[in-house]
Amino acid sequence: MEIKKRALITGVSGFVGKYLIGKLYEENYEIFGTTLSGDLYDDPRVTKLHLDLTDYYSTNKIIGEIEPDEIYHLASQSSVKISWEKPQFTTEVNSIGTINLLESVKEHCPKTKVLLVGSSEEYGETFKINKQPTEEEKCFPNNMYAITKYTQSLIGKMYVKAYHLNIIMTRSFNHVGPEQSPQFVISDFCKQVAEIELLESNPIIYVGNLESARDFLDVRDVVNAYYELLKEGTVGEIYNVGSGKSYKISELLNKIISFSNLDIIVKIDKNKFRPVEIEETSAEISKIISDTKWRPQYNLEETILNTLNFWRKKVIEKQMKLNRKL
């Protein structure tokens with residue numbers, strides 16, 4: 001197999017990273033990945049390295065050794081809930097980590113293409129004015145995660161202007177699929193339903209705000225977008241990555257419950273509410289469609305069913321392990 005290019009994925013052990021490995025492997029890349037969690041499971045498709053991006057010297061050393069052609073910067077503290085609880089940690093990882101990465105690229109491989117993955121959370125209060133903002137509209141982030149991601153985009157633009165680095169940025173909307181953490185809403189619902197089905201008792205699912213509406217995109221569409229952006233996106237530009245459609249959380253919950261044959265009771269848990277909540281968000285995706293060959297391909301209903309089946313398998317495996325210990 002002829003190797004095309006050398007790619008580095010930061011945060012490779014995360015939800016999106018695992019899918020991005022598959023995409024880049026299909027495209028004949030030599031793949032390196034960094035992880036903070038210590039999750040260095042054996043995967044012959046990728047060379048994994050333990051790295052804390054808040055450590056400048058370690059970051060500089062790894063970038064100097066690899067000198068990748070492309071960097072997909074996925075590593076971040078990505079939970080809004082945790083950002084309220086741990087604002088200092090969120091800032092260190094999302095802002096300082098990005099600066100350390102870009103400083104290392106500037107020193108060792110300034111021609112490298114870098115994708116900085118941001119978030120739709122950056123728009124914040126803008127969604128109250130326009131539920132489907134373009135990338136050019138002003139951002140008013142309203143939580144620490146959003147603020148750090150918006151800061152990341154400002155940092156990226158500065159390094160493009162001042163040092164002519166080849167950086168492209170995203171504002172990525174909600175993505176979903178098997179293996180996503182239950183910190184995120186669809187995966188949380190699917191996990192709870194799978195547990196209810198296994199136990200067949202206490203059929204109650206606990207939920208937060210069901211009235212909000214969000215743009216959800218299959219994780220495979222997400223990684224395809226990232227790949228196409230580094231191929232065809234414009235340096236220094238920010239791109240919305242989403243489906244372009246808004247789905248009410250209550251509708252998605254009902255869809256998940258409809259995949260089960262049990263009568264499941266829905267109960268509101270105030271602890272699952274955010275301190276600041278936006279009613280509706282949706283991605284305006286004409287820019288990425290205009291600049292690249294990317295289009296959303298996957299059906300959300302099928303993605304949700306796949307996610308539920310993933311959790312069904314996961315909770316059965318967990319129960320079998322517990323039974324063997326008894």
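## Positive surface patch

In this predicted model, a patch of positive charge on the surface is formed by Lys313, Lys314, Lys321, Arg324 and Lys325. Among these residues, Lys314 belongs to helix α11, which covers residues 300-325, and Lys314 counts as partly exposed because its relative accessibility is 41%.

Thr292 sits in the loop between α10 (286-291) and α11, where a relative accessible area of 6% places Thr292 in the buried class. The side chain of Thr292 makes a contact at 2.7 Å with the backbone oxygen of Ile288, and a polar atom of the Thr292 side chain also lies 3.1 Å from the backbone nitrogen of Trp294.

## Salt bridges

The structure contains 19 salt bridges. One of them joins the side chains of Lys5 and Glu70, with an N to O distance of 3.6 Å; Lys5 lies in the segment before β1 (6-10) and Glu70 in strand β4 (residues 70-73), so this pair ties together parts that are 65 residues apart in sequence. Lys5 is partly exposed at a relative accessible area of 37%, whereas Glu70 is buried at 1% relative accessibility.

Glu301 and Lys255 also meet through their side chains in a salt bridge, at 3.5 Å from N to O, and this pair links distant parts of the chain, with Glu301 in helix α11 and Lys255 in helix α9 (residues 249-258), 46 residues apart. Glu301 is partly exposed at 40% relative accessible area, and Lys255 is partly exposed at 29%. A salt bridge of 2.8 Å, N to O, connects the side chains of Glu125 and Lys128, while Lys4, Lys23 and Glu27 are linked in a network of salt bridges.

Notes
Residues numbered from 1 in each chain as written. Predicted model: local features only at pLDDT ≥ 70, side-chain atom pairs only at ≥ 80, totals over all residues. Heavy atoms only, no water. Patch = residues over 30% accessible without salt bridge, like charges linked within 9 Å, V, L, I, M, F, W, Y side chains within 5 Å. Areas by Shrake-Rupley, 256 points an atom, 1.4 Å probe, with all protein chains shown as cover. Salt bridge = Lys/Arg side-chain N within 4 Å of Asp/Glu carboxyl O. Lys, Arg positive; Asp, Glu negative; His and termini not counted. Charge placed at Lys NZ, Arg CZ, Asp CG, Glu CD. Helix = DSSP H or I, 4+ residues; strand = E, 2+ residues; numbered from the N terminus. Buried < 20%, exposed > 50% of the residue type's maximum accessible area, 1.4 Å probe, protein only. Polar contact = N/O pair within 3.5 Å; in protein donor to acceptor, adjacent residues only side chain to side chain.
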